[in-house]
Amino acid sequence: MEHTITVSEIDIINQCIAGDQQAQYQLYARYADAMLNVAYRILGNREDAKDVLQESFLKVFRELKNLKNKQGFAAWIKRIVVNTTINQAKKKGLKLVELDYQEPKWELDPDDSEQIDFKFNQVKKALMELPNGYRTVLTLYLIDGFDHEEIAQILNISKSTSLTQYSRGKRRLKEILSET
Amino acid sequence: MDNLEKHIKNHRDDFNYIETDAKDWETIQQQLADKKPTPKVVPMNWWKSIAAVFVLGLSCYFFFNKVEKTPDLMVGLEEQMHFPDIALKNPNGDEISVSDLKGKIVLVDFWASYCMMCTEDHCYYFKPIYNDYKDHGFEIYSISVDENVKNWRQAIEKDSLNWIHVSDLMGQESPVFSKYAVENLPTNYLLNEEGKIIARNVDASDLEETLSTLLAYKE
């Protein structure tokens, strides 16, 4: 993953380590919304996502002084949020890997999707209708920019499982979209 | 890459559509403030002392009455409290209790093989400190809340975590959650030589600082 971080952000991080509350708020304000959405896309529930957000930021402020590479802050915080989200999902008993997949009765013609003109609002809605496991892999890969190696590590599954989950999830998403 | 993948990737930023509100930050700020225990010692005159003893006695009375009613629920294990003893089995089936470790500084750590932050803490932070201090009066007692014995064993072996590992293998149903007020993983308690809690949720630098102060260890 490629992330860039501005010089002023490094200053803010250093001020946070020194215990400056104003700086803590600045850092929070920059990342909170994006990080809330990372959790929301996996959990599909606003309140659970907010719990994750809180827990993650407490961890961030607690561990910030141990972060060696300040340039890597954006990737680091995202990783903390994703890990906290996965823990929360397990605590809530959400399935993160779909095993009981039913093969669709009819196959989509591979060219079908080329003709469909996707509407963002429909895609957004369909994504939230996906079973948790598919949605997790799909959003981590397509929106959050993790590769399958990283997803496998995060979810404690093999890389090939991540790949199959991904392609099945994508197929399911297309099915949902074609039904609407 | 097909059209759908392209579509989603192009709209990445649009998928951030729910927002935080002011209350979220307030909660975080509150909790950050709670984590800094700075008890102030104020000189008291005699009548204030009597009042304080009276209030203290009264609150103890209510506190212990409450504990009796809900014996399983240890709300907030606090610093200076004696860590309630527990005996669990290690992967070989031998029972080890926390009280067996009296005389040592003990880090009691709650984790699970699927908890990435736990395993990261283990590998990057606790392992080097453990290796430095294990022969000088420091021990780690890791309580796993795994259900699957295989996952638990594999996680220990994979990262070569050579300290004490125990579990009841009851997963999320384990009584340790309520007994030790464990709400999130990882959670840890640092105990002194007498088994009293000296800190909760220490990070690597706190731990190292405490150990270097308490244990006479020099390179």
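Me: What pattern does chain A follow along its sequence?
Reply: In this predicted model, chain A reads α-α-α-α-α-α-α-α-α. It has 9 helices and 0 strands.

Me: How do you know that chain B is built from helices and strands?
Reply: Count the elements. Chain B has 7 helices and 7 strands. From the N terminus, they run α-α-α-β-β-β-α-β-α-β-α-β-β-α.

Me: What share of each chain counts as buried?
Reply: The cut-off for buried is under 20% relative accessible area. In chain A, 53% of the 180 residues count as buried. In chain B, 40% of the 219 residues do.

Me: What share of the contacts in chain A joins residues 24 or more positions apart?
Reply: Take the contacts in chain A with a separation of 6 or more; 68% of them are of that kind. For chain B, among contacts between residues at least 6 apart, 68% join residues at least 24 apart.

Me: Why is Ser113(B) called buried?
Reply: Buried means under 20% relative accessible area. Ser113(B) has 11%, so it is buried.

Me: Where is Ser113(B) found in chain B?
Reply: Ser113(B) sits in the loop between strand S3 (105-111) and helix H4 (116-133).

Me: What makes the pairing of Ser113(B) with Asp146(B) a polar contact?
Reply: Start with the distance cut-off: N or O atoms within 3.5 Å. One atom must be able to donate a hydrogen and the other to accept it. The side chains of Ser113(B) and Asp146(B) make such a contact at 2.7 Å.

Me: Which residues does Ser113(B) touch, leaving out those up to four places away in sequence?
Reply: From chain B, they are Thr119(B), Asp146(B), Asn151(B), Trp152(B) and Ala155(B). Asn156(A) of chain A is also touched.

Me: Why are H3(A) and H2(B) called oblique to each other?
Reply: Look at the angle. The axes of H3 (residues 46-63) of chain A and H2 (residues 22-34) of chain B come within 10 Å and cross at roughly 40°. Under 35 degrees would count as roughly parallel, and 65 to 115 as roughly perpendicular. The pair is therefore oblique. The crossing of H3(A) and H2(B) is right-handed.

Me: Which residues make that contact between H3(A) and H2(B)?
Reply: H3(A) brings Lys50(A), Leu53(A), Gln54(A), Phe57(A), Leu58(A) and Phe61(A). H2(B) brings Asp24(B), Trp25(B), Thr27(B), Ile28(B), Gln31(B) and Leu32(B). By class, the residues of this contact are 7 nonpolar, 3 polar and 2 charged.

Me: How do the axes of H2 and H4 of chain A cross?
Reply: H2 (residues 21-43) and H4 (residues 73-91) of chain A have axes that come within 10 Å and cross at roughly 40°. The crossing of H2(A) and H4(A) is right-handed.

Me: Which residues of H2(A) and H4(A) meet?
Reply: H2(A) uses Leu27(A), Tyr31(A), Met35(A), Val38(A), Ala39(A), Ile42(A) and Leu43(A). Among their partners in H4(A) are Phe73(A), Ile77(A), Lys78(A), Val81(A) and Thr85(A). The contact of H2(A) with H4(A) has 14 nonpolar, 2 polar and 1 charged residues.

Me: Why is Thr164(A) called partly exposed?
Reply: Buried is under 20% and exposed is over 50%. Thr164(A) is at 37%, so it counts as partly exposed. Its place is in helix H9 (residues 159-179) of chain A.

Me: How far apart are Thr164(A) and Tyr134(A) in sequence and in space?
Reply: Thr164(A) and Tyr134(A) are 30 residues apart in sequence. In space, C-alpha to C-alpha, they are 9.8 Å apart.

Key: Residues numbered from 1 in each chain as written. Chains lettered and ligands numbered in written order. Predicted model: local features only at pLDDT ≥ 70, side-chain atom pairs only at ≥ 80, totals over all residues. Heavy atoms only, no water. Helix = DSSP H or I, 4+ residues; strand = E, 2+ residues; numbered from the N terminus. Buried < 20%, exposed > 50% of the residue type's maximum accessible area, 1.4 Å probe, protein only. Contact = heavy atoms within 4.5 Å. Axes fitted to C-alpha atoms, helices over the stretch in contact; angles between N-to-C directions. Parallel < 35°, antiparallel > 145°, perpendicular 65-115°, else oblique. Left-handed = near helix turned anticlockwise from the far one by under 90°. Nonpolar A, V, L, I, M, F, W, Y, C, P; charged D, E, K, R; others polar.
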